[in-house]
Amino acid sequence: PYPLCALPPTTKQWYQRRVHGDLISIMNVLTHLSIILSISSCLVLANESFSGMGSFACYGDMSITFDKSSSAGEGEGFVDCQPSWGSPSAPPQGIIADGADGSHWVTVDDKGYGDCDGSIWYKTDDLGLGYCDRKMTVDDGHQTRLFCGYATCDGYLNIECSMLSG
């Protein structure tokens, strides 16, 4: 019930310390909150995609379906490239693609995938680079081939890239 100026000095000092302490606590909470938000914004998942004409190279796990094959390892068809993560010591799998619009795409390991419908050339090994460190399966009884290897394709691309940004 007393005005602030009429309070005994010890009560006035207590009140000032209390208000000052509350302000510091609020500022500490706001500071910590802004730091947490800054860090989390750097680790936001960034998904990018491309659909259009272009060319790509798949280094890793894939399946190929031929519409027509002129000879072993090439022809018109569909490549479904699903690079995977093998182990920390294994070379990465991935996709390198160039869109006809001038865009350039690179996915690494399991952080992206893509497909291409067009002119295909493939090889059922990793070109000596070591990224096929898993068991390879080839289904030679059908037109679909499942394997780890290398393939190029010129045609219509769909690329999805899901990497951490920051």
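Modeller: Start with the largest nonpolar core, which has 19 residues. Phe56, Met62, Ile64, Val79, Ala97, Leu157 and Ile159 touch the most other members. Strands β1 (45-71), β2, β3, β5 (112-123) and β6 (144-164) each give two or more residues to this core. The largest share, six residues, comes from β1. Bear in mind that the model is predicted.

Now take Leu157 from the largest core. Leaving out residues up to four places away in sequence, Leu157 touches Phe50, Ser51, Gly52, Gly54, Ser55, Phe56, Ala97, Asp98, Asp115 and Cys116. Among these contacts, Phe56 and Ala97 are also on the list of core residues that touch the most other members.

Cys81 sits in strand β2 (residues 74-81). Its relative accessible area is 0%, so Cys81 is buried. With residues up to four places away in sequence set aside, Cys81 touches Phe56, Cys58, Asp61, Met62, Gly94, Ile95, Tyr113 and Gly114. The C-alpha atoms of Cys81 and Ile64 are 8.6 Å apart, and the two residues are separated by 17 residues along the chain.

Next, the aromatics. The structure holds six aromatic pairs. One of them joins Phe50 and Trp105: the ring centres are 6.0 Å apart and the planes stand at 35°, so the pair is tilted. This pair links distant parts of the chain, with Phe50 in strand β1 and Trp105 in strand β4 (residues 104-108), 55 residues apart. Phe50 and Trp105 are both buried.

Tyr59 and Tyr150 make another tilted pair, at 5.0 Å centre to centre and 50° between the planes. Tyr59 is in strand β1 and Tyr150 in strand β6, so this pair ties together parts 91 residues apart in sequence. Tyr59 has 21% relative accessibility and so counts as partly exposed. Tyr150 has 14%, so Tyr150 counts as buried; the cut-off for buried is under 20%. Tyr59 and Tyr150 also belong to one aromatic cluster with Trp121 and Tyr131.

Finally, the surface. Ile96, Val106 and Val108 form a nonpolar patch there, with about 200 Å² of accessible area together. Ile96 belongs to strand β3 (residues 94-99). Its relative accessible area is 37%, so Ile96 is partly exposed.

Definitions and conventions. Residues are numbered from 1 along each chain as its sequence is written. This is a predicted model: local features need pLDDT of at least 70, side-chain atom pairs count only at pLDDT 80 or more; totals for chains, interfaces and linings use all residues. Side-chain values use heavy atoms; hydrogens and water are left out. Patches are made of residues with over 30% relative accessible area and no salt bridge: like charges are joined within 9 Å, nonpolar side chains (Val, Leu, Ile, Met, Phe, Trp, Tyr) within 5 Å. Accessible areas come from the Shrake-Rupley method with a 1.4 Å probe; for residues, only the protein chains shown count as cover. A salt bridge is a side-chain nitrogen of Lys or Arg within 4 Å of a carboxyl oxygen of Asp or Glu. Helices (H or I, at least four residues) and strands (E, at least two) are DSSP runs, numbered from the N terminus. Buried means under 20% relative accessible area, exposed over 50%, partly exposed in between (1.4 Å probe, protein chains only). Contact means heavy atoms within 4.5 Å. A nonpolar core is a set of buried Ala, Val, Leu, Ile, Met, Phe, Trp, Tyr and Cys residues joined through side-chain atoms within 4.5 Å. Rings of Phe, Tyr and Trp (its six-membered ring) pair if their centres lie within 6.5 Å; planes under 30 degrees apart count as stacked, over 60 as edge-to-face and the rest as tilted.
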